[in-house]
Amino acid sequence: SPNSGKVGGQPMPPVLPEERANELAGSLGIRYSAVAKTVDQQVGIISDQIASLDQQIKTALTSPRKDILSATEASDVRRLVKDMPSGEKMNWLHSRIAEGDHAVVAAVLASHWSAGIDKASYETLLDLSSRRFASTARAQIDACRGLHGHVLAGAQRWVDRFRQIAPVPTTDSPA
């Protein structure tokens, strides 16, 4: 018959003897663990690199000046921004970023709440500022985050496929 060896029009999976299926499942389990360990290590390396780059960006966006006069100026900048009408704050800050005014940007990022900047606007400023003042680290962190997501998605596809094709042991096997 044209459907012999098929179930519902699909090819039947090969049938292994129970002992061989158990040995194969054990062997695949060992290999699965080794690959999973390697993937976990590589994801850890990528995560560590992201954390390192994130710290580099934070450092680049922090004012290097720590004297009393600089602290007073930073406080004045935050007060100026806080007193601006809501619609003008972000436009003014975007202009400062575009002009490369690191001192103003660093002052606002150092204490965005005291500058009257909410969390969402702070995140936007942080993003724009990092692209302007730490462009290399920012490009690297974006690439690492993309790679991180790609590796995790690939690992999930691999796990899903492994579960589809690996035999399930029915008894304990020495393998």
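Trainee: What makes the length of helix 2 (residues 68-83) agree with that of a helix of 16 residues?

Mentor: The expected span is 1.5 Å times one less than the number of residues, so the 16 residues of helix 2 should span 22 Å, and the end C-alpha atoms are 23 Å apart, which agrees. Helices here are DSSP runs of H or I with at least four residues, strands are runs of E with at least two, and both are numbered from the N terminus. This is a predicted model, in which local features need pLDDT of at least 70 and side-chain atom pairs count only at pLDDT 80 or more, while totals for chains, interfaces and linings use all residues. Residues are numbered from 1 along each chain as its sequence is written, and side-chain values use heavy atoms, with hydrogens and water left out.

Trainee: Which residues of helix 2 are buried, and how do you know that they lie on the same side?

Mentor: The buried residues of helix 2 (under 20% relative accessible area, where over 50% is exposed and in between is partly exposed, with a 1.4 Å probe and protein chains only) are Ser70, Ala74, Val77, Arg78 and Val81. They cover an arc, taken from the directions from the helix axis to the C-beta atoms, of only 95°, which puts them on the same side of helix 2. The face turned away from this buried side carries the exposed residues Ile68, Leu69 and Asp83.

Trainee: What covers the buried residues of helix 2?

Mentor: The cover includes helix 3 (86-99) and helix 4 (102-110), where contact means heavy atoms within 4.5 Å.

Trainee: Why is Val108 called buried?

Mentor: Val108, which lies in helix 4, has a relative accessible area of 2%, and because the limit is under 20%, Val108 counts as buried. Apart from residues up to four places away in sequence, Val108 touches Val77, Arg78 and Val81, and also Leu93, Ala115, Ile117 and Leu125.

Trainee: What makes a set of residues a nonpolar core, and which residues have the most contacts inside the largest one?

Mentor: A nonpolar core is a set of buried Ala, Val, Leu, Ile, Met, Phe, Trp, Tyr and Cys residues joined through side-chain atoms within 4.5 Å. The largest has 24 residues, and those with the most contacts inside it are Val81, Leu93, Val108, Ile117 and Leu125. Helix 4 gives the most to this core, with 5 residues.
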